[in-house]
Amino acid sequence: MERSVAVTIEGVTQIFRGEAQEFLAIDDVSLDIAPGEFLSLLGPSGCGKSTLLLAIAGLQPQTRGRIAIAGRVVDKPFTDLGIVFQEPFLLEWRSVLANVLLQAELRRLDREHAAARAALLLERVGLAQFKDRLPHQLSGGMRQRAAICRALLHDPPLLLMDEPFGALDALTRDDLNLELQEIWLNSPKTVVFVTHSIAEAVLLSDRVAIMSPRPGRIAEVIPISLPRPRGLDMRETAEFGSYARRIRDIFTRFGVLRSEPVR
Amino acid sequence: MLPFAGFAAFLLVWEWAVAAFHVRPFVLPRPSQVAVALVAEWGQLMPAAVVTAEEIVLGFLLAVAIAVPLAVVLVASRWIENTLFPLIVSAQLVPKVALAPVLTVWLGLGLVTKLTVAFLLSFFPILIDTMIGLKSVETGKILLARSMGATPLDMFFKIRLPSALPNLLGGMKVASTLAVVGAIVGEFIGANAGLGNVLLIANSNYDMVMMFAGVTYLTAVGLILFVLLDLIERWAIPWHVSHRHLLEPTVERKS
């Protein structure tokens, strides 16, 4: 199996039909994501980032445009990937380990091999001693770690993450950011990472695609050429600051952020 | 222990009040009289309770056996739901108790009539609750399963059905109490056996002690069914909010 894949997005437009009117969620988005690249989709809430992610996964057909993964056109649910949503969506009746192994069950993977890999992944994210617990017995951060293990169980060449750390406290979020970077550095896969945190996007990404408020368009794609591995203290460096400022300026231009402090 | 203490206190006050206010036994018997009858009339009450319990359980199981698969079918297709569901709701709006005499004409005085009334009363809550359960799976779980290549059977048995279990079991608990009502209504319309029959005869004799003894047996039958369902629920969905055991905070006492 390929370790990572290219994702091509060409002129993707998404129109939803409401009760009374249609509304344009994504307007003509094109992006080329290279194999093994970590790309963030960064934008204000409601800009269609999540919609775009669902379209890439083939879970929601787009109105117009074309999406291809590794040259294969996506026109039905694409299964050779892993997904992490903002909510962990663990099955409440399954233990942590059984939740991770759901991935193997539904894919009819070899049980023994999958169990070994699950143990390894849980060990790596510090959940080894909690593998027999039920989801409600874990903290939010631990639940999300379990969801990440589930997404990685089959070592997918593509990882789609929709604000995976958005519901977590700041400390857990920082910690999981570093963990994700380490996972990605150890086994290079293409990652599409949806976020509305500028710091998170700059810290993790090779490139940050900035989306405008609704209707979502790609406003700018900014390559981040900070050296890796990146630590949290890098956020206080001048280079990091200038990336963050550049992105903030774009949001200020959109009117998403104020240009002056409120007096 | 507390529920029993409350119940015992209630019986004591009842016992005392009947004596203190000289209430005549054919208006309200003393609990102790009823207690004696529960044992003394065992030979008559127990076989009657078995007959009624059989009607309740069979009617209830029939309702589960039909309502659950029907809920699955209704939820599976918007088209089927739109076609059939209004019909089922209209059927539910017909007061089934009023239909019991008609059923007696059609099906006779035996077991079938009673279990049919029990079935009719307990069917709807199971259907509705199962449908709600099957529909209330979070979209995220469905999407994730789809991205993992889940087959329709996987989706049903590994995601939808377990998610629906809390609602399904809740509906069954409500239905079990309605099945008791159904069986007894069926027996009131016409029967030569069962607790309903015992109650009718006792009533025509102004035998209040026997009335209360019969009602006690009937309550016990309903309670046993309910407790069984509660045990099944604890076993089947220990993960559900309603059965979670939270960690108790400990507090050190200062001496």
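**Reading domains, strands and a chain interface**

User: How is chain A divided into domains?

Analyst: In this predicted model, chain A consists of domain 1 (7-81 + 159-254) and domain 2 (90-155). The C-alpha centres of domain 1 of chain A and domain 2 of chain A are 25 Å apart. Their contact draws on 10 residues from domain 1 of chain A and 7 residues from domain 2 of chain A. On the side of domain 1 of chain A that touches domain 2 of chain A, helix H5 (residues 170-186) of chain A contributes the most, with 4 residues. By class, that side of domain 1 of chain A has 7 nonpolar, 2 polar and 1 charged residues.

User: Why is strand E9 of chain A described as largely enclosed by the rest of the structure?

Analyst: In a regular strand, side chains alternate between the two faces of the sheet. Strand E9 (residues 207-211) of chain A has 4 of its 5 residues buried, so it is largely enclosed by the rest of the structure.

User: Which strands pair with E9(A)?

Analyst: Strand E3 (residues 38-42) of chain A pairs with E9(A) in the parallel sense, over 4 bridges. Strand E10 (residues 218-223) of chain A runs antiparallel to E9(A), joined by 5 bridges, and a hairpin of 6 residues connects E9(A) to E10(A). A:Arg207 is the bridge partner of A:Leu39 and stands opposite A:Pro223 in E10(A).

User: How many residues form the contact between chain A and chain B?

Analyst: The size of an interface is often given as the accessible area lost when the parts come together. Here the description is by residue contacts: 17 residues of chain A are in contact with 16 residues of chain B. Helix H2 (residues 96-107) of chain A gives the most to the chain A side, with 3 residues. That side has 11 nonpolar, 3 polar and 3 charged residues.

How values were computed:
Residues numbered from 1 in each chain as written. Chains lettered and ligands numbered in written order. Predicted model: local features only at pLDDT ≥ 70, side-chain atom pairs only at ≥ 80, totals over all residues. Contact = placed C-beta atoms within 7 Å. Helix = DSSP H or I, 4+ residues; strand = E, 2+ residues; numbered from the N terminus. Nonpolar A, V, L, I, M, F, W, Y, C, P; charged D, E, K, R; others polar. Domains from an automatic or database assignment. Buried ≥ 20, exposed ≤ 12 C-beta atoms within 10 Å, placed from the backbone. Pairing = 2+ DSSP bridges.
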